[in-house]
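Got the viewer open and the cartoon on? Here is a walk through the model, one selection at a time.

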Amino acid sequence: MTDIVLLEQLKTFVEEQTKDIILPVRPVKNKTTEEYQAENPVVKHRVPEVFLQRLPDKDAETNRIPYILLQVLTGIDDQNSDGDYDSECKVRLVAATYSEDGQAGSMALMNVLTRLRVALLRERQVGQFLLRLPLERVVYPDNVSPYYLGEMLLTFEMPEIQREINFESEENI
């Protein structure tokens with residue numbers, strides 16, 4: 001199984017866990033109000049969008065809030081001296097919320113992160129990928145009001161990839 005499959009299954013998991021968390025939407029500021037309202041109905045609240053690896057564009061950093069971004073950071077494939085195979089993938093989950101009220105925005109962020117933390121610890125698995133502990137999380141302490149950001153670092157056990165050529169059997173030929 002690849003990192004891509006992990007991301008896709010994690011996206012489905014996150015969307016399912018956050019489907020009933022309705023959050024304030026940041027007003028779009030890169031278009032005039034008339035242009036925006038002509039193209040889109042005015043939306044003041046919605047569930048967070050989930051993106052893989054990157055946001056669609058630079059404006060999305062603020063204009064697509066609330067959102068959750070899933071990024072593969074590192075992967076390790078290893079084999080110990082006993083020949084036991086181990087593979088893992090680290091995924092960064094970034095959550096962003098918006099509110100003009102500092103307390104409400106911060107609590108909305110905590111709600112998203114807590115909901116995902118509890119679900120991950122309860123399930124300990126996303127698709128065929130097993131969650132490894134520790135599950136790390138941080139709420140950014142910077143004052144970037146009206147935006148509130150936090151992240152979780154998730155480590156997943158990856159299935160073993162079987163070698164196609166067996167060099168040991170060739171030595172006996």
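Start by selecting Pro-134: with a relative accessible area of 56%, Pro-134 is exposed (the cut-offs are under 20% for buried, over 50% for exposed and partly exposed in between, with a 1.4 Å probe and protein chains only). Pro-134 sits in strand 7; helices here are DSSP runs of H or I with at least four residues, strands are runs of E with at least two, and both are numbered from the N terminus. Then draw a distance from Pro-134 to Leu-153: 8.7 Å, C-alpha to C-alpha, for a pair 19 residues apart in sequence.

Two notes before moving on. This is a predicted model, in which local features need pLDDT of at least 70 and side-chain atom pairs count only at pLDDT 80 or more, while totals for chains, interfaces and linings use all residues. Residues are numbered from 1 along each chain as its sequence is written, and side-chain values use heavy atoms, with hydrogens and water left out.

Zoom out for the whole chain. There are 5 helices and 8 strands, and from the N terminus they run α-β-α-β-β-α-β-β-α-β-β-β-α. Of the 173 residues, 34% count as buried. Take the contacts (heavy atoms within 4.5 Å) between residues at least 6 apart in sequence: 62% of them join residues at least 24 apart.

What is the strand order in the open sheet of 6 strands? Reading across, it goes 3-4-5-8-7-6, with mixed pairing; two strands pair if DSSP finds at least two bridges between them. Strand 3 (49–52) and strand 6 (125–126) are the edges, and each has a single partner strand, so one side of each has no neighbour in the sheet. Click along strand 6 next: 2 bridges join it to strand 7 (residues 129–139), and the two run antiparallel. For one of these partners, pick Gln-125, which is bridged to Leu-130 in strand 7.

Bring the helices back. Helix 1 (residues 3–18) lies across strands 3, 4, 5, 6, 7 and 8, at about 140° to strand 4 (67–79). Helix 4 (residues 102–123) lies across strands 4, 5, 6, 7 and 8, running at about 10° to strand 8. Those angles run from 0 to 180 degrees between N-to-C directions, with axes fitted to C-alpha atoms, for helices over the stretch in contact.

Select Thr-18, in helix 1. Is Thr-18 buried or exposed? Buried, at a relative accessible area of 1%. Leaving out residues up to four places away in sequence, Thr-18 touches Val-47, Pro-48, Ile-68 and Leu-116.

Charged side chains next. The structure holds 10 salt bridges, where a salt bridge is a side-chain nitrogen of Lys or Arg within 4 Å of a carboxyl oxygen of Asp or Glu. Show Arg-115 and Asp-20, whose side chains meet at 2.6 Å, N to O. Arg-115 lies in helix 4 and Asp-20 in the loop between helix 1 and strand 1 (23–24), so the pair ties together parts that are 95 residues apart in sequence.

Then centre on Arg-132. A salt bridge links Arg-132 to Asp-86 at 2.3 Å, N to O; Arg-132 is in strand 7 and Asp-86 in strand 5, so this one ties together parts 46 residues apart in sequence. Arg-132 also meets Glu-157 in a salt bridge, at 3.7 Å, N to O, and Glu-157 lies in strand 8, 25 residues away.

Most residues other than glycine have a negative phi, and most peptide bonds are trans. Select Pro-66, in the loop between helix 3 (60–63) and strand 4: the bond from Ile-65 to Pro-66 is cis, with omega near 10°. Gln-53, in the loop between strand 3 and helix 3, has a positive phi near 70°. Finish at Arg-124, in the loop between helix 4 and strand 6, where phi is positive too, near 60°.
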